[in-house]
Amino acid sequence: MSDDARWLAAAASVAARGLPLSRPNPAVGAVIVNDGRVVGRGWTQPGGRPHAEAMALATAGAAAKGATLYVTLEPCAHESPRGPACAALVAASGLARVVVGAQDPDPRTAGEGLAKMRAAGIVSELLAIPQVDLSLAGYLSQRTRKRPHVTLKLATSLDGCIALANGQSQWITGDAARAHTHAMRARADAILVGGGTLRADTPRLDVRLPGLGDRSPERWVLTRGEAPDGWCALPSPEAVSDMGVQYLFVEGGAQTATAFLAAGLVDRLLLYRAPIVIGGGMPTVGDIGLSSLAEAHGKWRLADRRQLGSDTLEVYEALPCSPA
């Protein structure tokens with residue numbers, strides 16, 4: 001990995017600190033490097049301001065002169081009542097160079113940010129790396145596909161069951177896997193379960209990790225009926241397009257998982273597998289409309305695998321050729 005790619009990956013890591021509180025703005029990360037040393041860093045603050053670039057420049061101060069800014073998303077080019085355009089701030093900063101991970105699809109910026117910085121004599125270039133694409137997945141999905149980036153979480157036994165035949169499902173996985181699930185919830189704008197899960201389990205769907213209680217996502221339920229107080233009802237998976245969020249975390253149950261997979265709306269799959277065999281239990285997923293095995297191949301890529309206590313987590317990303 002080149003030095004530029006390494007520093008840009010560091011900016012993508014910093015960006016994660018803004019999730020999901022940066023909404024409605026994307027969670028952007030910025031790192032300023034001078035002579036191989038980090039002199040400033042920033043990420044989009046709660047509510048969307050200050051932007052990552054402004055925060056990084058403020059922390060760098062005079063050390064920004066002659067330095068390189070690594071930022072995950074093209075600096076904004078449009079003025080706002082909430083603050084100046086970041087491209088203008090960069091242009092006046094004394095920076096020598098800017099490396100941008102992704103061009104902003106927002107038509108108010110879309111290339112204009114890069115043009116403004118170049119016009120100020122700053123060497124400005126694009127460098128695409130997977131870490132940046134992943135860090136901006138929700139924003140880019142909302143901008144280009146008009147829907148959130150959807151993560152489906154499944155907790156199963158070795159034989160692919162999510163519950164006993166009588167519906168009992170607490171708890172298939174152990175403490176470490178459940179803690180990891182809560183960490184994933186903390187990165188989402190909204191979390192969704194089906195009406196059956198809501199009625200059977202009355203889940204809290206909050207984040208119960210120290211220091212992250214304020215990152216509990218909005219609670220949604222997939223149902224054609226009314227939602228309880230504090231919940232939002234969605235009549236179908238396709239309705240997520242109208243909700244304006246960047247990251248949606250889908251937790252269950254089997255009917256909801258089936259509905260989202262059948263609609264081609266799952267971008268990321270978290271499969272928590274416990275070392276138990278249930279036998280004759282409730283299956284993880286129902287019929288998603290495949291007529292041949294060939295249709296099932298080439299849909300997913302294994303992106304990560306790790307051990308969480310006695311459980312195993314596998315992370316799959318939907319491939320570009322997939323309907324998702």
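# Reading the predicted model

Q: Which residues of α2 are buried?
A: In α2, the buried residues are Ala52, Glu53, Met55, Ala56, Leu57 and Ala60. Buried means a relative accessible area under 20%, exposed means over 50%, and partly exposed lies in between, with a 1.4 Å probe and protein chains only. Helices (H or I, at least four residues) and strands (E, at least two) are DSSP runs, numbered from the N terminus.

Q: What kind of model do these values come from?
A: This is a predicted model, in which local features need pLDDT of at least 70 and side-chain atom pairs count only at pLDDT 80 or more, while totals for chains, interfaces and linings use all residues. Residues are numbered from 1 along each chain as its sequence is written, and side-chain values use heavy atoms, with hydrogens and water left out.

Q: What do the buried residues of α2 pack against?
A: They pack against β1, β2, β3 and α3 (86-91); a contact means heavy atoms within 4.5 Å. After α2 comes Gly61, with a positive phi near 60°.

Q: Why is Lys146 called exposed?
A: Its relative accessibility is 53%, so Lys146 counts as exposed. Lys146 lies in the loop between α6 (137-145) and β6 (149-156), and has a positive phi of about 60° although it is not a glycine.

Q: Is Leu205 buried or exposed?
A: Leu205 has a relative accessible area of 3%, so it is buried. Its phi is also positive, about 55°, although Leu205 is not a glycine. Leu205 is found in the loop between α8 (195-201) and β9 (218-222).

Q: What joins Arg49 and Pro50?
A: A cis peptide bond joins them, with omega about -10°. Pro50 is in the loop between β2 (37-43) and α2 (52-60).

Q: How does the radius of gyration agree with the globule rule?
A: The radius is taken over C-alpha atoms, and the rule is 2.2 Å times the number of residues to the power 0.38. For 324 residues a compact globule would have a value near 20 Å; the protein has 21 Å, which agrees. Along its principal axes, the C-alpha trace spans about 65 × 45 × 40 Å.

Q: What share of the 324 residues counts as buried?
A: The share is 51%.

Q: How many helices and strands does the protein have?
A: The protein has 9 helices and 15 strands.
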